[in-house]
Amino acid sequence: MAELNHTLLVIFLSLFFSFLATPVEPSPLTRHRNPKAMTYIESSCKGTLYPNLCIRCLSQYAKSPLNGPQHLAQYALSESLSRALHTKGYLLEVAKELQAIKSNKREYLTVQDCVNQISDSVEQISQAMKELRSFNKHDSSMNDNMLWHISNVETWVSTALTDASSCVYSFPGNRMSKRVAAIKVKAKNVAEVTSNALFLFHRYASTYQKAATKITKKP
């Protein structure tokens with residue numbers, strides 16, 4: 001019996017060390033990332049309020065070269081819209097459940113307010129994305145029209161951020177149900193991703209705004 005146990009131990013150790021010696025294959029996402037694009041994303045995310053979240057969200061777009069800050073702003077807004085749509089769907093389900101059980105009218109009304117706020121965020125981000133995509137379709141030289149488009153995007157994204165933040169603060173206090181805690185986490189995520197997107201858009205728009213300032217200062 002002792003000899004059998006010794007043999008099994010030897011086999012186990014052999015397999016164990018063989019496993020350790022086997023190189024770990026990178027995931028498909030990691031394998032296909034463009035190193036230069038990833039470096040650019042990490043550098044761009046440093047100035048955001050939530051840099052780690054920013055990098056996680058945008059790393060999926062590092063599979064090919066990024067053509068500057070406009071692409072990055074577009075991708076960031078796309079992530080913001082995706083999170084807002086997901087949260088809106090979740091809130092609609094929660095509101096439907098609360099309406100059916102009729103156990104807590106106040107909570108139902110608060111969730112319904114959040115539905116409206118996140119729905120507005122979805123609309124505002126969608127408008128901002130359309131406006132940003134149209135930049136390349138028109139003359140991108142500095143003029144009052146371009147500044148007007150930039151102002152529109154900034155206004156819409158800022159409003160979306162305010163709406164998502166309002167949903168977060170709709171549920172005050174630390175003691176809350178799992179349902180409410182989940183809502184706050186999802187709404188907070190929308191707000192943070194949108195905050196990052198707003199920063200990245202500001203970074204892109206600053207090029208045009210600086211150019212406008214130089215033109216204004218010319219004698």
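Colleague: Leaving aside neighbours within four places in sequence, which residues is S44 in contact with?
Modeller: This is a predicted model, so local features need pLDDT of at least 70 and side-chain atom pairs count only at pLDDT 80 or more, while totals for chains, interfaces and linings use all residues. Residues are numbered from 1 along each chain as its sequence is written, and side-chain values use heavy atoms, without hydrogens or water. Contact means heavy atoms within 4.5 Å. With those neighbours set aside, the partners of S44 are L72, F199, L200 and R203.

Colleague: Is S44 buried or exposed?
Modeller: Buried means under 20% relative accessible area, exposed over 50%, and partly exposed in between (1.4 Å probe, protein chains only). S44 has a relative accessible area of 2%, so this residue counts as buried.

Colleague: Which side chain does the side chain of S44 join in a polar contact?
Modeller: A polar contact is a pair of N or O atoms within 3.5 Å; within protein, one must be able to donate a hydrogen and the other to accept it, and residues adjacent in sequence count only if both atoms are side-chain atoms. At 3.3 Å, the partner of S44 is R203.

Colleague: Why does F199 count as partly exposed?
Modeller: F199 is in helix 8 and touches S44, G47 and T48, not counting residues up to four places away in sequence. Its C-alpha atom is separated by 7.8 Å from that of G47, 152 residues apart along the chain. F199 counts as partly exposed because its relative accessibility is 30%.

Colleague: Which helix gives the most to the lining of the largest cavity?
Modeller: A cavity is a set of points, on a 1 Å grid over the protein atoms alone, where a 1.4 Å probe fits but cannot get out; lining residues have an atom within 4 Å of a point. Here the lining is C54, C57, L58, A76, E79, V193, N196, A197 and L200. Helix 4, helix 5 (69–101) and helix 8 (178–217) each give two or more residues. With 4 residues, the top contributor is helix 8.

Technical notes. 1 Å grid on protein atoms, 1.4 Å probe; cavity = no way out; pocket = protein on both sides within 12 Å on 5 of 7 lines; lining within 4 Å.
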